Amino acid sequence: MNKNPIHIIGGGLAGSEAAWQAAEAGVPVVLHEMRPVRGTDAHKTDGLAELVCSNSFRSDDAETNAVGLLHAEMRLAGSLIMSAGDANQVPAGGALAVDRDGFSEAVTRKIEAHPLITIRREEVPGLPRADWDQAIVATGPLTAAGLAQSIADVTGADALAFFDAIAPIVHFDTIDMDICWFQSRYDKVGPGGTGKDYINCPMDKEQYLAFVQALVDGQKTEFKQWEGTPYFDGCLPIEIMAERGVETLRHGPMKPMGLTNAHNPGVKAYAVVQLRQDNALGTLYNMVGFQTKLKHAEQVRVFRTIPGLETAEFARLGGLHRNTYINSPTLLDASLQLKSRPGLRFAGQITGCEGYVESAAIGLLAGRFAAAERLGHAPLVPPLTTAFGALLNHITGGHIVSDDEPGKRSFQPMNVNFGLFPPVEAPKAEGKRLRGKDKTVAKRRAVTSRALADCREWLGLPSRAEAAE
(Lines give C-alpha, C1' and ligand atoms only; values in the text may rest on other atoms or scores of the structure.)
Protein backbone atom coordinates (compact mmCIF):
# COMPACT_ATOMS: atom_id res chain seq x y z
CA MET A 1 0.00 0.00 0.00
CA ASN A 2 1.11 3.56 -0.77
CA LYS A 3 1.58 5.13 2.67
CA ASN A 4 1.53 8.75 1.44
CA PRO A 5 -1.22 10.63 3.28
CA ILE A 6 -4.38 12.05 1.81
CA HIS A 7 -4.30 15.83 2.25
CA ILE A 8 -7.63 17.44 3.12
CA ILE A 9 -8.04 21.22 3.05
CA GLY A 10 -10.77 22.49 5.37
CA GLY A 11 -11.82 21.32 8.82
CA GLY A 12 -15.56 21.91 8.53
CA LEU A 13 -18.18 19.18 8.48
CA ALA A 14 -17.18 17.84 5.06
CA GLY A 15 -13.43 17.93 5.70
CA SER A 16 -13.74 16.36 9.15
CA GLU A 17 -15.97 13.57 7.82
CA ALA A 18 -13.67 12.94 4.85
CA ALA A 19 -10.66 12.71 7.18
CA TRP A 20 -12.47 10.29 9.49
CA GLN A 21 -13.64 7.99 6.70
CA ALA A 22 -10.19 7.80 5.08
CA ALA A 23 -8.44 7.19 8.41
CA GLU A 24 -10.97 4.53 9.43
CA ALA A 25 -10.15 2.78 6.15
CA GLY A 26 -6.52 2.62 7.31
CA VAL A 27 -5.11 5.49 5.26
CA PRO A 28 -3.07 8.31 6.89
CA VAL A 29 -4.53 11.81 6.59
CA VAL A 30 -3.22 15.35 6.96
CA LEU A 31 -6.08 17.76 7.72
CA HIS A 32 -5.26 21.41 6.97
CA GLU A 33 -7.40 23.98 8.82
CA MET A 34 -6.53 27.69 8.62
CA ARG A 35 -8.28 28.73 11.84
CA PRO A 36 -7.03 30.21 14.17
CA VAL A 37 -4.10 31.33 11.98
CA ARG A 38 -6.67 33.03 9.78
CA GLY A 39 -10.32 33.48 10.69
CA THR A 40 -13.45 33.94 8.57
CA ASP A 41 -16.34 36.40 8.71
CA ALA A 42 -18.68 33.72 10.07
CA HIS A 43 -16.67 31.44 12.40
CA LYS A 44 -16.27 32.28 16.09
CA THR A 45 -13.99 29.45 17.33
CA ASP A 46 -11.09 27.35 16.07
CA GLY A 47 -12.99 24.09 16.62
CA LEU A 48 -13.46 21.60 13.81
CA ALA A 49 -16.97 21.25 12.32
CA GLU A 50 -18.15 24.52 13.87
CA LEU A 51 -21.82 25.20 13.10
CA VAL A 52 -21.99 28.81 11.92
CA CYS A 53 -25.77 29.09 11.38
CA SER A 54 -28.54 26.87 12.75
CA ASN A 55 -27.86 24.04 15.20
CA SER A 56 -30.37 21.77 13.42
CA PHE A 57 -29.63 18.80 11.17
CA ARG A 58 -33.34 18.92 10.24
CA SER A 59 -35.72 15.94 10.27
CA ASP A 60 -34.52 12.61 11.64
CA ASP A 61 -37.45 10.71 10.11
CA ALA A 62 -35.83 8.06 7.92
CA GLU A 63 -39.14 6.71 6.58
CA THR A 64 -40.82 9.73 5.01
CA ASN A 65 -38.16 12.47 4.91
CA ALA A 66 -35.19 12.61 2.52
CA VAL A 67 -32.75 14.23 4.95
CA GLY A 68 -33.78 11.76 7.65
CA LEU A 69 -32.98 9.00 5.17
CA LEU A 70 -29.55 10.56 4.60
CA HIS A 71 -29.02 10.55 8.39
CA ALA A 72 -29.75 6.82 8.43
CA GLU A 73 -27.41 6.05 5.55
CA MET A 74 -24.61 8.06 7.15
CA ARG A 75 -25.05 6.16 10.42
CA LEU A 76 -24.77 2.89 8.48
CA ALA A 77 -21.50 4.19 6.98
CA GLY A 78 -19.98 5.00 10.38
CA SER A 79 -20.29 8.78 10.09
CA LEU A 80 -18.34 10.83 12.63
CA ILE A 81 -20.66 13.80 12.12
CA MET A 82 -23.75 11.75 12.89
CA SER A 83 -22.25 10.02 15.93
CA ALA A 84 -21.17 13.40 17.36
CA GLY A 85 -24.61 14.81 16.58
CA ASP A 86 -26.38 11.91 18.27
CA ALA A 87 -24.15 12.24 21.33
CA ASN A 88 -24.89 15.98 21.66
CA GLN A 89 -28.59 16.02 20.80
CA VAL A 90 -30.91 18.64 22.30
CA PRO A 91 -34.75 18.50 22.29
CA ALA A 92 -36.20 19.50 18.89
CA GLY A 93 -39.26 17.32 18.30
CA GLY A 94 -38.75 15.14 15.23
CA ALA A 95 -35.59 16.99 14.19
CA LEU A 96 -32.01 16.28 15.17
CA ALA A 97 -30.66 19.45 16.78
CA VAL A 98 -27.37 19.58 18.64
CA ASP A 99 -25.51 21.54 21.28
CA ARG A 100 -23.24 23.38 18.86
CA ASP A 101 -20.26 23.70 21.20
CA GLY A 102 -20.50 20.13 22.45
CA PHE A 103 -20.85 18.87 18.89
CA SER A 104 -17.76 20.71 17.61
CA GLU A 105 -15.74 19.68 20.66
CA ALA A 106 -16.70 16.03 20.13
CA VAL A 107 -15.63 16.09 16.47
CA THR A 108 -12.37 17.87 17.35
CA ARG A 109 -11.53 15.37 20.10
CA LYS A 110 -12.15 12.39 17.83
CA ILE A 111 -10.06 13.81 14.99
CA GLU A 112 -7.22 14.83 17.32
CA ALA A 113 -7.17 11.38 18.95
CA HIS A 114 -7.13 9.34 15.73
CA PRO A 115 -3.67 7.84 15.25
CA LEU A 116 -3.79 8.22 11.46
CA ILE A 117 -4.86 11.88 11.36
CA THR A 118 -2.49 14.84 11.65
CA ILE A 119 -3.98 18.33 11.98
CA ARG A 120 -2.00 21.26 10.59
CA ARG A 121 -3.23 24.69 11.57
CA GLU A 122 -2.22 26.64 8.48
CA GLU A 123 -3.68 28.33 5.44
CA VAL A 124 -3.20 26.56 2.14
CA PRO A 125 -3.07 29.57 -0.19
CA GLY A 126 -3.50 27.70 -3.47
CA LEU A 127 -4.44 24.34 -4.90
CA PRO A 128 -2.78 21.27 -3.35
CA ARG A 129 0.81 20.73 -4.43
CA ALA A 130 1.47 18.26 -7.22
CA ASP A 131 3.17 15.82 -4.85
CA TRP A 132 -0.06 15.61 -2.82
CA ASP A 133 -1.27 12.96 -5.24
CA GLN A 134 -4.50 12.36 -3.27
CA ALA A 135 -6.11 15.55 -1.97
CA ILE A 136 -9.59 16.84 -1.12
CA VAL A 137 -10.66 20.50 -1.12
CA ALA A 138 -13.46 20.92 1.43
CA THR A 139 -13.28 24.64 2.16
CA GLY A 140 -16.97 25.42 2.05
CA PRO A 141 -18.83 28.59 1.10
CA LEU A 142 -16.22 30.84 2.74
CA THR A 143 -13.19 29.64 0.79
CA ALA A 144 -10.24 32.01 1.30
CA ALA A 145 -9.56 34.40 -1.58
CA GLY A 146 -6.17 32.93 -2.54
CA LEU A 147 -7.46 29.38 -2.82
CA ALA A 148 -10.63 30.54 -4.59
CA GLN A 149 -8.52 32.32 -7.18
CA SER A 150 -6.42 29.19 -7.70
CA ILE A 151 -9.59 27.15 -8.22
CA ALA A 152 -10.87 29.72 -10.71
CA ASP A 153 -7.55 29.63 -12.56
CA VAL A 154 -7.60 25.86 -13.00
CA THR A 155 -11.33 25.45 -13.68
CA GLY A 156 -12.05 28.56 -15.75
CA ALA A 157 -13.47 31.94 -14.86
CA ASP A 158 -17.08 30.85 -15.42
CA ALA A 159 -16.77 27.70 -13.33
CA LEU A 160 -16.65 29.30 -9.87
CA ALA A 161 -19.57 31.24 -8.39
CA PHE A 162 -19.36 33.47 -5.36
CA PHE A 163 -23.10 33.93 -4.89
CA ASP A 164 -26.11 31.69 -5.18
CA ALA A 165 -28.87 33.20 -7.28
CA ILE A 166 -31.45 30.50 -6.66
CA ALA A 167 -34.91 30.10 -8.17
CA PRO A 168 -37.44 27.84 -6.42
CA ILE A 169 -37.83 24.25 -7.59
CA VAL A 170 -41.21 22.48 -7.59
CA HIS A 171 -42.04 18.77 -7.44
CA PHE A 172 -43.64 18.02 -10.82
CA ASP A 173 -46.36 15.79 -9.39
CA THR A 174 -47.72 18.71 -7.31
CA ILE A 175 -48.33 20.98 -10.34
CA ASP A 176 -51.97 21.15 -11.52
CA MET A 177 -51.73 20.24 -15.21
CA ASP A 178 -55.47 20.84 -15.64
CA ILE A 179 -54.55 24.54 -15.43
CA CYS A 180 -50.97 24.50 -16.75
CA TRP A 181 -49.74 23.19 -20.10
CA PHE A 182 -46.50 22.19 -21.83
CA GLN A 183 -45.22 24.55 -24.54
CA SER A 184 -42.06 26.39 -25.54
CA ARG A 185 -42.50 30.01 -26.56
CA TYR A 186 -43.44 30.10 -30.28
CA ASP A 187 -43.12 26.28 -30.14
CA LYS A 188 -39.38 26.77 -30.55
CA VAL A 189 -37.43 23.51 -30.43
CA GLY A 190 -34.13 23.94 -28.61
CA PRO A 191 -31.23 21.47 -28.36
CA GLY A 192 -32.69 18.18 -27.17
CA GLY A 193 -36.12 19.78 -26.89
CA THR A 194 -39.53 19.06 -28.40
CA GLY A 195 -41.15 22.49 -28.59
CA LYS A 196 -43.01 21.65 -25.39
CA ASP A 197 -40.17 22.05 -22.92
CA TYR A 198 -41.78 24.43 -20.39
CA ILE A 199 -44.73 24.19 -18.06
CA ASN A 200 -46.80 27.37 -18.39
CA CYS A 201 -48.96 28.87 -15.65
CA PRO A 202 -51.37 31.53 -17.02
CA MET A 203 -52.48 34.72 -15.22
CA ASP A 204 -55.20 37.21 -16.12
CA LYS A 205 -54.63 40.93 -15.48
CA GLU A 206 -56.19 40.94 -12.02
CA GLN A 207 -54.12 37.94 -10.89
CA TYR A 208 -50.96 39.48 -12.32
CA LEU A 209 -51.40 42.85 -10.62
CA ALA A 210 -52.12 41.17 -7.28
CA PHE A 211 -49.05 38.97 -7.72
CA VAL A 212 -46.77 41.94 -8.45
CA GLN A 213 -48.07 43.76 -5.39
CA ALA A 214 -47.49 40.67 -3.23
CA LEU A 215 -43.86 40.52 -4.43
CA VAL A 216 -43.33 44.19 -3.58
CA ASP A 217 -44.99 43.90 -0.15
CA GLY A 218 -43.48 40.53 0.84
CA GLN A 219 -40.94 40.25 3.65
CA LYS A 220 -37.36 39.95 2.38
CA THR A 221 -34.14 38.72 3.93
CA GLU A 222 -31.19 41.07 4.15
CA PHE A 223 -27.59 40.57 3.11
CA LYS A 224 -25.06 40.16 5.89
CA GLN A 225 -22.71 43.13 6.09
CA TRP A 226 -19.77 41.13 4.73
CA GLU A 227 -21.71 39.70 1.81
CA GLY A 228 -22.19 42.94 -0.12
CA THR A 229 -25.03 43.34 -2.64
CA PRO A 230 -24.25 41.23 -5.70
CA TYR A 231 -27.18 42.18 -7.92
CA PHE A 232 -26.49 42.23 -11.65
CA ASP A 233 -28.99 42.74 -14.42
CA GLY A 234 -28.69 39.19 -15.76
CA CYS A 235 -29.93 37.78 -12.47
CA LEU A 236 -32.08 40.28 -10.58
CA PRO A 237 -34.36 39.02 -7.80
CA ILE A 238 -37.95 38.80 -8.97
CA GLU A 239 -39.11 41.34 -6.38
CA ILE A 240 -36.48 43.89 -7.49
CA MET A 241 -37.84 43.62 -11.03
CA ALA A 242 -41.36 44.09 -9.67
CA GLU A 243 -40.28 47.26 -7.86
CA ARG A 244 -38.98 48.74 -11.14
CA GLY A 245 -42.48 49.02 -12.53
CA VAL A 246 -45.73 47.08 -12.69
CA GLU A 247 -45.16 46.02 -16.32
CA THR A 248 -41.51 44.95 -15.89
CA LEU A 249 -42.22 41.27 -15.27
CA ARG A 250 -44.65 41.07 -18.22
CA HIS A 251 -41.79 42.12 -20.47
CA GLY A 252 -39.28 39.90 -18.69
CA PRO A 253 -39.58 36.37 -17.30
CA MET A 254 -43.41 36.46 -17.28
CA LYS A 255 -43.98 37.63 -20.87
CA PRO A 256 -46.98 35.84 -22.44
CA MET A 257 -45.93 36.25 -26.09
CA GLY A 258 -45.69 33.15 -28.24
CA LEU A 259 -47.83 31.00 -25.93
CA THR A 260 -51.32 29.59 -26.41
CA ASN A 261 -53.25 28.10 -23.50
CA ALA A 262 -53.91 24.49 -24.48
CA HIS A 263 -56.92 24.39 -22.14
CA ASN A 264 -58.47 27.63 -23.41
CA PRO A 265 -56.93 28.61 -26.78
CA GLY A 266 -59.30 31.53 -27.35
CA VAL A 267 -58.20 33.46 -24.23
CA LYS A 268 -54.80 35.13 -24.23
CA ALA A 269 -52.99 35.09 -20.87
CA TYR A 270 -51.98 38.51 -19.52
CA ALA A 271 -48.81 37.03 -18.04
CA VAL A 272 -47.28 33.55 -17.80
CA VAL A 273 -44.99 31.92 -15.24
CA GLN A 274 -42.78 29.29 -16.86
CA LEU A 275 -41.17 26.26 -15.24
CA ARG A 276 -38.36 24.31 -16.87
CA GLN A 277 -37.30 20.71 -16.27
CA ASP A 278 -34.46 20.74 -13.74
CA ASN A 279 -33.26 17.14 -13.56
CA ALA A 280 -32.87 14.26 -15.97
CA LEU A 281 -35.52 12.24 -14.13
CA GLY A 282 -38.18 14.85 -14.91
CA THR A 283 -39.33 14.96 -11.29
CA LEU A 284 -38.29 18.57 -10.60
CA TYR A 285 -39.07 21.84 -12.39
CA ASN A 286 -37.54 25.25 -11.65
CA MET A 287 -39.38 28.58 -11.84
CA VAL A 288 -37.65 30.43 -14.67
CA GLY A 289 -36.22 33.82 -13.64
CA PHE A 290 -37.57 33.58 -10.09
CA GLN A 291 -34.42 34.02 -7.98
CA THR A 292 -35.55 35.90 -4.89
CA LYS A 293 -34.74 37.38 -1.49
CA LEU A 294 -38.27 36.79 -0.17
CA LYS A 295 -38.31 34.94 3.14
CA HIS A 296 -39.12 31.26 2.75
CA ALA A 297 -42.60 31.41 4.29
CA GLU A 298 -43.42 34.37 2.05
CA GLN A 299 -42.27 32.48 -1.02
CA VAL A 300 -44.61 29.59 -0.27
CA ARG A 301 -47.52 31.97 0.38
CA VAL A 302 -46.95 34.19 -2.67
CA PHE A 303 -45.97 31.53 -5.20
CA ARG A 304 -48.99 29.39 -4.34
CA THR A 305 -51.18 32.22 -5.66
CA ILE A 306 -49.87 31.38 -9.15
CA PRO A 307 -52.56 29.43 -11.08
CA GLY A 308 -51.61 25.77 -11.17
CA LEU A 309 -49.26 26.04 -8.18
CA GLU A 310 -51.92 26.35 -5.46
CA THR A 311 -50.86 23.04 -3.90
CA ALA A 312 -47.24 23.07 -5.09
CA GLU A 313 -44.60 21.42 -2.92
CA PHE A 314 -41.13 22.96 -3.16
CA ALA A 315 -37.97 20.87 -3.32
CA ARG A 316 -36.00 24.07 -2.80
CA LEU A 317 -36.96 27.67 -2.16
CA GLY A 318 -35.23 30.66 -3.70
CA GLY A 319 -32.41 32.78 -2.37
CA LEU A 320 -29.44 34.99 -3.07
CA HIS A 321 -26.44 34.79 -0.76
CA ARG A 322 -22.68 34.39 -0.49
CA ASN A 323 -21.66 30.85 -1.39
CA THR A 324 -18.49 29.84 -3.20
CA TYR A 325 -19.11 26.72 -5.28
CA ILE A 326 -17.88 25.15 -8.51
CA ASN A 327 -19.80 24.05 -11.59
CA SER A 328 -19.51 20.42 -10.53
CA PRO A 329 -21.47 18.67 -13.33
CA THR A 330 -18.95 19.88 -15.90
CA LEU A 331 -15.81 19.69 -13.74
CA LEU A 332 -16.08 16.55 -11.59
CA ASP A 333 -16.38 12.87 -12.40
CA ALA A 334 -18.71 10.49 -10.60
CA SER A 335 -16.19 10.06 -7.76
CA LEU A 336 -15.92 13.86 -7.13
CA GLN A 337 -12.53 13.98 -8.84
CA LEU A 338 -11.52 16.98 -10.94
CA LYS A 339 -11.55 15.67 -14.51
CA SER A 340 -8.51 17.75 -15.44
CA ARG A 341 -6.43 16.63 -12.45
CA PRO A 342 -6.64 13.01 -11.26
CA GLY A 343 -6.32 12.62 -7.50
CA LEU A 344 -7.80 16.02 -6.65
CA ARG A 345 -11.34 15.87 -5.26
CA PHE A 346 -13.80 18.41 -3.95
CA ALA A 347 -16.24 17.85 -1.10
CA GLY A 348 -18.95 19.65 0.84
CA GLN A 349 -20.76 22.84 -0.05
CA ILE A 350 -18.13 23.93 -2.56
CA THR A 351 -19.41 21.11 -4.80
CA GLY A 352 -22.94 22.52 -4.92
CA CYS A 353 -24.90 20.90 -2.12
CA GLU A 354 -26.78 22.75 0.62
CA GLY A 355 -27.03 21.94 4.31
CA TYR A 356 -24.87 20.57 7.10
CA VAL A 357 -25.84 16.95 6.56
CA GLU A 358 -25.50 17.05 2.77
CA SER A 359 -22.07 18.69 3.09
CA ALA A 360 -20.90 16.01 5.51
CA ALA A 361 -22.33 13.25 3.30
CA ILE A 362 -20.35 14.43 0.29
CA GLY A 363 -17.28 14.63 2.52
CA LEU A 364 -17.95 11.05 3.59
CA LEU A 365 -18.06 9.91 -0.03
CA ALA A 366 -14.94 11.87 -1.03
CA GLY A 367 -13.00 10.37 1.88
CA ARG A 368 -14.07 6.86 0.95
CA PHE A 369 -13.28 7.38 -2.75
CA ALA A 370 -9.81 8.79 -2.03
CA ALA A 371 -9.05 6.02 0.46
CA ALA A 372 -10.11 3.35 -2.03
CA GLU A 373 -7.72 4.73 -4.63
CA ARG A 374 -4.90 4.94 -2.10
CA LEU A 375 -5.53 1.27 -1.27
CA GLY A 376 -5.39 0.33 -4.94
CA HIS A 377 -9.13 -0.10 -5.51
CA ALA A 378 -11.53 1.64 -7.87
CA PRO A 379 -13.97 3.93 -6.03
CA LEU A 380 -17.37 2.27 -5.65
CA VAL A 381 -20.08 4.84 -6.37
CA PRO A 382 -23.33 4.39 -4.38
CA PRO A 383 -26.50 3.41 -6.26
CA LEU A 384 -28.72 6.24 -7.53
CA THR A 385 -31.56 4.73 -5.48
CA THR A 386 -29.80 5.70 -2.21
CA ALA A 387 -29.73 9.16 -0.66
CA PHE A 388 -25.94 9.14 -1.11
CA GLY A 389 -26.30 8.29 -4.78
CA ALA A 390 -29.16 10.69 -5.48
CA LEU A 391 -27.26 13.64 -3.97
CA LEU A 392 -24.01 12.67 -5.69
CA ASN A 393 -25.81 12.33 -9.02
CA HIS A 394 -27.28 15.84 -8.70
CA ILE A 395 -23.79 17.23 -8.14
CA THR A 396 -21.92 15.28 -10.80
CA GLY A 397 -24.36 14.42 -13.55
CA GLY A 398 -28.11 14.57 -12.93
CA HIS A 399 -28.57 18.25 -13.71
CA ILE A 400 -29.76 19.50 -17.08
CA VAL A 401 -27.54 22.24 -18.51
CA SER A 402 -29.36 25.20 -20.03
CA ASP A 403 -27.97 28.19 -21.90
CA ASP A 404 -31.16 30.13 -22.54
CA GLU A 405 -30.93 32.49 -19.57
CA PRO A 406 -28.01 34.92 -20.06
CA GLY A 407 -26.12 35.72 -16.87
CA LYS A 408 -27.61 32.81 -14.93
CA ARG A 409 -25.67 29.71 -13.97
CA SER A 410 -27.66 26.62 -14.77
CA PHE A 411 -26.32 24.42 -11.94
CA GLN A 412 -27.44 25.50 -8.48
CA PRO A 413 -26.86 24.07 -4.98
CA MET A 414 -29.63 21.96 -3.47
CA ASN A 415 -30.60 20.03 -0.36
CA VAL A 416 -31.34 16.32 -0.63
CA ASN A 417 -35.01 15.76 -1.54
CA PHE A 418 -37.21 13.02 -2.96
CA GLY A 419 -37.21 14.67 -6.38
CA LEU A 420 -33.60 13.53 -6.81
CA PHE A 421 -34.49 9.82 -6.53
CA PRO A 422 -35.67 7.54 -9.34
CA PRO A 423 -39.47 7.27 -9.18
CA VAL A 424 -41.08 4.30 -7.49
CA GLU A 425 -44.64 3.07 -7.57
CA ALA A 426 -46.60 3.37 -4.34
CA PRO A 427 -47.55 -0.03 -2.98
CA LYS A 428 -51.24 -0.76 -3.42
CA ALA A 429 -53.24 -1.13 -0.25
CA GLU A 430 -55.51 -4.13 -0.25
CA GLY A 431 -59.11 -3.19 -0.88
CA LYS A 432 -58.56 0.54 -1.49
CA ARG A 433 -56.83 2.93 -3.83
CA LEU A 434 -54.41 5.32 -2.19
CA ARG A 435 -54.92 9.00 -2.90
CA GLY A 436 -53.52 12.38 -1.90
CA LYS A 437 -51.40 12.45 1.23
CA ASP A 438 -51.72 8.70 1.84
CA LYS A 439 -50.30 8.00 -1.62
CA THR A 440 -47.44 10.47 -1.10
CA VAL A 441 -46.49 8.89 2.23
CA ALA A 442 -46.65 5.38 0.76
CA LYS A 443 -44.38 6.41 -2.14
CA ARG A 444 -41.88 7.98 0.23
CA ARG A 445 -41.79 4.86 2.37
CA ALA A 446 -41.19 2.79 -0.74
CA VAL A 447 -38.29 5.08 -1.72
CA THR A 448 -36.69 4.96 1.73
CA SER A 449 -37.12 1.20 2.12
CA ARG A 450 -35.45 0.62 -1.25
CA ALA A 451 -32.71 3.14 -0.41
CA LEU A 452 -31.73 1.60 2.91
CA ALA A 453 -31.66 -1.91 1.43
CA ASP A 454 -29.46 -0.74 -1.45
CA CYS A 455 -27.23 1.27 0.88
CA ARG A 456 -26.62 -1.78 3.07
CA GLU A 457 -25.66 -3.78 0.01
CA TRP A 458 -23.32 -1.00 -1.23
CA LEU A 459 -21.61 -0.89 2.17
CA GLY A 460 -21.32 -4.68 2.33
CA LEU A 461 -23.57 -4.88 5.39
CA PRO A 462 -26.10 -7.64 6.05
CA SER A 463 -29.69 -6.87 5.19
CA ARG A 464 -32.04 -5.90 8.01
CA ALA A 465 -33.54 -9.40 7.99
CA GLU A 466 -30.07 -11.02 8.13
CA ALA A 467 -28.97 -8.64 10.90
CA ALA A 468 -32.06 -9.53 12.94
CA GLU A 469 -31.35 -13.26 12.82
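Reply: Strand 3 and strand 5 (residues 95–98) run antiparallel and are joined by two bridges. That is enough to call them a pair, since two strands pair if DSSP finds at least two bridges between them. The strands themselves are DSSP runs of E with at least two residues, helices are runs of H or I with at least four, and both are numbered from the N terminus. Across this pairing, Ser59 stands opposite Ala95 of strand 5.

A quick word on ground rules: this is a predicted model, where local features need pLDDT of at least 70, side-chain atom pairs count only at pLDDT 80 or more, and totals for chains, interfaces and linings use all residues. Residues are numbered from 1 along each chain as its sequence is written, and side-chain values use heavy atoms, with hydrogens and water left out.

The whole thing is open, with three strands in the order 3-5-4 and antiparallel pairing. Strand 3 (56–59) and strand 4 (89–90) are the edges, each pairing on one side only.

Now for rings. Searching the whole structure turns up 11 aromatic pairs, where rings of Phe, Tyr and Trp (its six-membered ring) pair if their centres lie within 6.5 Å; planes under 30 degrees apart count as stacked, over 60 as edge-to-face and the rest as tilted. Phe57 and Tyr356 make one of them: their ring centres are 6.0 Å apart and their planes sit at 65°, so this pair is edge-to-face. Because Phe57 lies in strand 3 and Tyr356 in helix 10 (residues 356–374), the pair ties together parts 299 residues apart in sequence. Phe57 is buried at a relative accessible area of 0%, and Tyr356 is buried too, at 15%; buried means under 20% relative accessible area, exposed over 50% and partly exposed in between (1.4 Å probe, protein chains only). Ring pairs also bring in Phe103, which forms a cluster with Phe57 and Tyr356.

Which other partners can you compare with that? Phe211 and Phe290 have ring centres 6.1 Å apart and planes at 35°, so they count as tilted. Phe211 lies in helix 6 (residues 205–217), while Phe290 is in the loop between strand 13 (284–287) and helix 8 (296–303), so that pair ties together parts 79 residues apart in sequence. Phe211 is buried at 1%, and Phe290 is buried at 0%.

Phe182 stands opposite Ile199, and Pro202 opposite Val272 of strand 12.

To zoom out, the protein has 13 helices and 16 strands, and 55% of its 469 residues count as buried. Of the contacts (heavy atoms within 4.5 Å) between residues at least 6 apart in sequence, 70% join residues at least 24 apart.
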